[in-house]
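Dear colleague,

Please find below the structure that I am handing over to you.

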Amino acid sequence: MPHRILLAAIAAIGLSGTSLAQSAPTPLEARYDTAIPDLEAALGHDFGEEITPPEDAVEYLRTLADMAPDRMQVFDYATSWEGRPLVYAVIGSEANMARLDEIQADLQRLADPRGLSNADRDALIDALPVIVWLGYGVHGDEISSTDAALRTAYHLIAATNDPVADSIREDALVIIDPTQNPDGRNRFVNSFTQARGLQADGFRYSAEHDQPWPGGRHNHYLFDMNRDWFIMTQPETRGRTAAMLEWRPMVIVDAHEMGGDQSYFFPPVADPVNPVLTEGQLEGHDIIGLNHAEWFDRIGSDYFTREIFDAFYPGYGDTWPMMQGGVAMTYEQGSARGLVWTRRNGEDLTYAEGVTNHFIASLSTAQAAAENRERFVRGFHDVRAAASNNGEGPASIILSRETNRWGAERLARLIARQGIEISRIDAGTTACGTSLPEGGFLVQLNQPAGQLARTLLERDTPLPEDFLDSQEDRRTRGLDHELYDVTAWSLPVMFNVQSTECANRPNLSGEAVTADDAMPAGVADSARFGYVIPWTDAGQARLVAALAAEGVPMRTAASEFTIDGETFPAGSVVIARTSAPANLDSLMRLNARMIGASYAGLATSWTERGPNFGSSQFADIIAPRIAMAWGEGTDANSVGGLRYVLERRYGLPVTVIRASRLGGADLSGFDVLILPEQSGGGYGAEIGESGAGNLSRFAQGGGTLIALGDATRFITDPDINLLPLRRERAADTPTGGSGEGALVSGSVIEDDAALQAALEPRNARPDTSPGALLNVTANADAFLSAGYTQGAAAMVTGSDIYTAVPLDEADTVLRFAGPEDLVASGYLWEENIAQTAYKPFMVSRRSGAGFVVAFTQDPTARGYQEGLDLALLNAVILAPARSYRLR
């Protein structure tokens, strides 16, 4: 319905909340205070008439706050990678705005019900407004919600005859986060502006709707920030979650867009639902959803519920806040992805319609929350009180520092950043039958943030049995499964940190960990010969990378060695004082303390066991010069995860090269070239068989070529064959088909079982895994497995399974565990378990003077598998050290 016709229909029908008279003025009929500038007065276009750039959106909110400071304030909460401010506005009555500090203090008291008397609890519930958090535009090309945010703020400040707005201002504090991803939105606005012509074009294949790579969805580091909530890799996410923990919202919205041929989605959600969520929280969905239904009926807008969008994965902008005790919701508007989109039925969807629908849903949310203020405030308290007293499942989690000290320390700070209480355990303690000679950390799961703590820290979050049964039934009928995202996310598993689930609460007390605690370092006294950096975790590798960048000469060991009774593992790095800079001691101390790494002093070079430092088993470390494929043909998510991990987590600069240039570029100046996962036509289209020769020459000349995830398909293609891996069909799948010729052999179908077999797809690939964490084990004879004597776990998605590789053709550095031990966390189809067991995860082969390395799954996906970072660093740092390149 065109925008003007829609407005006319609204004016004729009338709109009101569920408890207001049918004749009450509607938000779309409101009269406004002329002293408050609307968007046209401030920016020259009406709400929904143009796509407001992110800087203008922020400036408009500041303008509104300047004009009505007694009803609205704007707070900065973060700065994007590209330097853009992220802000939220707080809107409420004059009385509530005058006591914001008091309200925040009371919210913190309510958020921790332990020790709160019934009288104090009831007094808080009576006095507090309901906190409504409205978040918009986490995906930068989902554009209509930001303009809806501006319209919502203007309406709540300026409307003079709307009883809905009056009710909201009186009983709620509304927090509006208008641009969760300003860098992505800016990228979209620029590409749209460059493509637009004389009039808006609704043709779905026009350049207006065809964003150049990488599109506006992602932030600067190409992260999908709607998957970043619990891993908190990005500054935008860290700032937003910190703000939420200050305001403790009870009702939360994350407003999105979906395909333009769809209508509007709001909860109730689809199955499955995370089992830590309560019936009371889901009933909150029903209350708000019913209010939306009435409003959408009156304005003539279609919607749907209970489909597609579930509440299982805790990394979304609805599930993470919900697991803090609130009622949170994803809203999805069909997107014009510009100013107009012609749907398949020939109707035009305008940008203004999307803005209007998100505006109505925003007001409806705040209205339902305000009119049920006590119910939502009390419900928030009750969820956190119940979590504090929960008696189901483990009572606590212990994290050990024994095998991955740096990873355990980083995990502890990440847990604290979520608002989850965690304390340090002294070295030498034994708890829950676990010996902790290096100490560790304790999380009591019976705490106010227990919902989130349980789902993030327990080894597995089970899918409902009836849902699993329905998915298995769908698969037998040849239908796709209905899992929207991964089924595993256990942080100890992903960080490769040993954890113990305790049935009881250990009688331990320790110092509380905070997110900003300094990382402890192991700094040695000055030693006569030099120093050794044990290759035990990724923090140690980061220290080596930092020293290499400073020009410190170092050597890495191919096998373990013993000096003065202490054994150092393979990969460990030795620094001799005689060849080092004069300021070696200060360089070691400064970098180790900054990183939180450790090293030991060496009085002598004499090894009691293992190779001496002059042996060919030791190789010179270099500061690797790293390049990676970028642009068309690559998957933006994979590109972002890889670049972020290398640059921001480990301080390794990366040169990005468009994939289409790799076939002809002079790569001799680089030590490492990494191919992230593919998209679109992939590397076959961008590089091709002829261009692959350049990659082969790079490796032959001494470079290390690394393929991640499905980039392995390209380098293992038989026509390219840079690595002797082959992708498998599904086990026992029928082969052949129409490609065998015009005539095929006849057959007889004798029964239902034979019919089912005849219907099986020919040459089928294994069923797609929605995402499970699978155990991998190390080949101790492969130098690239250094640091993984205890194995690790890898997130497996998709359907790629590769054949085992003969020992004389390549080294399987890490392989998947056997079927009984394969699944570390999550759910995987039984036939996939059988076929994946023992198959390769990380494979390497010397190629001329260099190496070709493949990870059959992307270890940097979403930046949340920190336990696999060392495997990547082994390929990036240790492989170039063993190159035969002449230097």
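**An antiparallel sheet and its helices**

Arg-555 stands opposite Val-574 in β22. The model is a predicted one. Strand β19 (residues 555-557) pairs with strand β22 (residues 573-576) in the antiparallel sense, over two bridges. Both strands belong to an open sheet of five strands, ordered β23-β18-β22-β19-β24, with antiparallel pairing. At its edges are β23 (600-602) and β24 (618-620), each of which pairs on one side only. From one strand to the next, the twist averages 30°.

Helix α19 (residues 538-549) packs on this sheet and touches β18 (530-533) and β22; its direction makes about 135° with that of β18. Helix α20 (residues 584-595) also packs on the sheet, touching β18 and β22, but its direction makes about 25° with that of β18.

**Salt bridges**

A search of the whole structure finds 47 salt bridges. In one of them, Asp-122 is joined to Arg-378, with the closest N and O atoms 3.4 Å apart. Asp-122 lies in helix α6 (residues 118-127) and Arg-378 in helix α14 (residues 373-388), so the pair ties together parts that are 256 residues apart in sequence.

Arg-649 forms a salt bridge with Glu-866, the closest N and O atoms being 3.7 Å apart. Arg-649 is in helix α21 (residues 636-649) and Glu-866 in the loop between β34 and α27, 217 residues apart. Both Arg-649 and Glu-866 are buried.

Finally, salt bridges that share partners join Glu-142, Arg-217, Asp-224, Arg-227, Asp-485 and Arg-862 into one network.

Yours sincerely

Note on methods:
Residues numbered from 1 in each chain as written. Predicted model: local features only at pLDDT ≥ 70, side-chain atom pairs only at ≥ 80, totals over all residues. Heavy atoms only, no water. Pairing = 2+ DSSP bridges. Helix = DSSP H or I, 4+ residues; strand = E, 2+ residues; numbered from the N terminus. Axes fitted to C-alpha atoms, helices over the stretch in contact; angles between N-to-C directions. Contact = heavy atoms within 4.5 Å. Salt bridge = Lys/Arg side-chain N within 4 Å of Asp/Glu carboxyl O. Buried < 20%, exposed > 50% of the residue type's maximum accessible area, 1.4 Å probe, protein only.
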